[in-house]
Amino acid sequence: MFCFQCEETASATGCTVKGTCGKPETTAVLQDLLIFAVRGLAWTAETLNDLAPGPEAATGRAAPHARLAEQAPFLREALFATITNVNWEDDRFRALITEALDRRDALAEAVRAAGGSMDAAPEAAVWRAPEATWLDTGAHVGVLATQDEDQRSLRELLLIGVKGIAAYAQHAAVLGRTDPQVDAFIREALASTCIALSREAMIELVLRAGSVAVSAMAVLDAANTDTYGHPTMTRVSTGAGDRPGILVSGHDLKDLADLLEQTAGTGIDVYTHGEMLPAHAYPSLARHRHLVGNYGGAWWQQTTEFESFHGAVLMTTNCLVPPRRANTYLSRLFTTGSVGYPGAVHIPDAPDGAAKDFSAVIERARQCPPPQALEGPDLSIGFAHNQVLSLADQVVEAVSSGAVRRFVVMAGCDGRHKARQYYTDLAAALPDDAIILTAGCAKYRYNSLDLGTIGGVPRLLDAGQCNDSYSLVKIALALKEALGVEDINDLPIAYDIAWYEQKAVAVLLALLSLGVKGIRLGPTLPAFLSPAVAETLVSTFDLKPMGTVSGDCAAIMADA
Ligand code: SF4
Ligand code: SF3
């Protein structure tokens with residue numbers, strides 16, 4: 001195996017025996033084979049489209065071939081399944097590979113029927129082998145199959161960013177929102193990895209992935225806020241009640257919403273965990289009195305927190321980490337959507353977007369004792385774009401008067417590395433005239449610090465999940481307008497981003513596509529950036545590695 005898609009990759013180069021995340025070699029190889037299969041599927045779809053586009057639309061551009069749209073949900077699902085800490089079930093990957101090959105071959109038939117040929121098709125578009133040999137095939141079609149280091153780096157940067165885009169697009173799709181342009185880009189990007197492209201063409205695709213990530217996050221933002229209302233500032237309890245509970249983790253708000261409906265009046269309390277914390281700020285979720293609080297911290301602490309929670313745990317998306325051998329919670333762990341884990345009960349999708357049936361989770365929770373309380377202060381959340389922009393006058397006044405000297409965007413992921421203490425220390429070290437804007441689970445490094453307020457505005461503004469980094473973009477653009485600044489880089493905003501998995505890469509590409517320069521990225525730079533590609537990003541975007549707390553704090557405040 002060779003996997004280097006996350007920040008915790010072994011020796012900062014690549015996991016080769018077993019993932020630091022716990023991913024076994026077999027799972028890694030099956031994921032590689034699935035990616036190979038969907039690349040071939042996308043290439044075949046693009047070929048069909050080139051050969052037989054749909055009828056010309058009113059815009060003067062041809063509509064895509066009618067068979068393309070039906071591939072989009074599958075491509076999103078397959079990509080999402082390979083994100084770090086999502087799916088640990090080899091059987092699910094085998095099923096996805098089978099479906100990818102069947103879909104691809106059906107499209108190949110359509111290519112031939114339209115007068116085309118698959119004779120010169122790339123290997124990914126034509127291979128087929130007995131399932132018993134899949135591990136051999138998978139071992140040779142992964143990352144290292146691309147020989148040239150820089151080509152491999154750009155290809156993987158694109159694929160990893162597209163995984164993040166697919167996850168965000170899938171979240172929106174669950175709420176009935178899709179963007180054909182986003183789905184078309186996912187297909188185009190996957191197909192592009194089957195052919196040799198110039199370095200310039202590959203860079204162009206990577207930058208375009210950033211713009212598409214902005215679109216995908218915008219669609220998701222609209223889906224979330226239209227469905228559940230705009231987040232408003234909210235205090236969230238981190239205590240525990242005396243009734244049995246269900247702990248909901250991951251990013252899928254619809255799963256939480258459906259579970260809240262199904263647990264109403266049952267005597268069971270529902271708690272959020274990790275990236276589900278922002279749910280408390282959505283009016284139509286917060287109205288449920290049995291949504292009582294947030295339990296625990298960031299994803300990597302779950303092996304102890306799921307123990308002390310005592311109740312049923314529902315993982316709706318990443319990050320699920322393998323339970324320790326001596327765990328007591330696997331029998332009360334449930335997965336749904338893209339998530340899977342051997343031994344955990346999986347709650348399947350319901351047909352036609354109907355609510356899933358969570359009765360098994362509820363039944364298991366009834367048999368459990370209440371959670372053991374954890375120490376922690378209430379958390380202040382709900383500072384997504386609508387809420388922050390409603391404070392725009394106060395914010396602009398604070399900037400104009402000099403009461404706020406700097407905004408520091410500290411969005412992204414948390415992780416296990418001790419080096420991430422940097423983010424806690426930086427948040428504490430920033431002077432009183434700096435406001436931190438955050439989103440994603442990175443916030444758990446500092447969201448229990450008492451950072452105070454400036455003119456009534458909290459010094460820590462939590463916009464929500466990692467995908468709500470879009471809110472931070474909207475806030476920046478609104479500030480640009482309000483302060484009459486020409487260039488986004490002239491705003492008093494610094495970016496110090498923590499990354500771990502592939503959605504954070506999509507967010508990084510989104511920021512780069514908006515022209516944001518001087519982003520600090522840590523705790524390490526991605527292993528999938530070759531020296532030459534890293535140098536391109538550094539020279540074009542002034543991307544910086546994380547430094548020391550005192551040095552970075554001083555540089556951030558001095559706009560250096
Ligand atoms: Fe290693 Fe990260 Fe890949 Fe897991 S996801 S195998 S830790 S690089
Ligand atoms: Fe976190 Fe896994 Fe990335 Fe959504 S829950 S930010 S790491």
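Predicted model: local features only at pLDDT ≥ 70, side-chain atom pairs only at ≥ 80, totals over all residues.
View 1. Ligand 2 is surrounded by His-251, Glu-275, Trp-299, Asn-318, Cys-319, Gly-412, Cys-413, Cys-441, Cys-466, Tyr-500 and Glu-501, where a residue counts as near if one of its heavy atoms lies within 4 Å of the molecule. This shell is made up of six nonpolar, three polar and two charged residues; Ala, Val, Leu, Ile, Met, Phe, Trp, Tyr, Cys and Pro count as nonpolar, Asp, Glu, Lys and Arg as charged, and the others, Gly among them, as polar. Ligand 2 takes up the space of the largest cavity. A cavity is a set of points, on a 1 Å grid over the protein atoms alone, where a 1.4 Å probe fits but cannot get out, and its lining residues have an atom within 4 Å of a point; a molecule sits in it if more than half of its atoms lie within 2 Å of its grid points.

**View 2. The UniProt "binding site" residues that include Glu-275.** An unreviewed UniProt entry lists His-251, Glu-275, Cys-319, Cys-413, Cys-441, Cys-466, Glu-501 and Lys-503 under this feature, although such annotations may be inferred rather than shown by experiment. These residues span 253 residues in sequence, yet no two of their C-alpha atoms are more than 13.7 Å apart, so they gather at one spot. Glu-275 itself lies in the loop between β3 (269–272) and α10 (283–286), with helices (H or I, at least four residues) and strands (E, at least two) taken as DSSP runs, numbered from the N terminus. Glu-275 is buried, with a relative accessible area of 6%, since buried means under 20%, exposed over 50% and partly exposed in between (1.4 Å probe, protein chains only).

View 3. Cys-21 is buried at 14% relative accessibility, and beyond its neighbours within four places in sequence, Cys-21 is in contact (heavy atoms within 4.5 Å) with residues including Trp-88, Arg-416 and Tyr-500.

**Notes.** Residues are numbered from 1 along each chain as its sequence is written, while chains are lettered from A and ligands numbered from 1 in the order in which they are written. Local features need pLDDT of at least 70, side-chain atom pairs count only at pLDDT 80 or more, totals for chains, interfaces and linings use all residues, and side-chain values use heavy atoms, with hydrogens and water left out.

Definitions and conventions. 1 Å grid on protein atoms, 1.4 Å probe; cavity = no way out; pocket = protein on both sides within 12 Å on 5 of 7 lines; lining within 4 Å.
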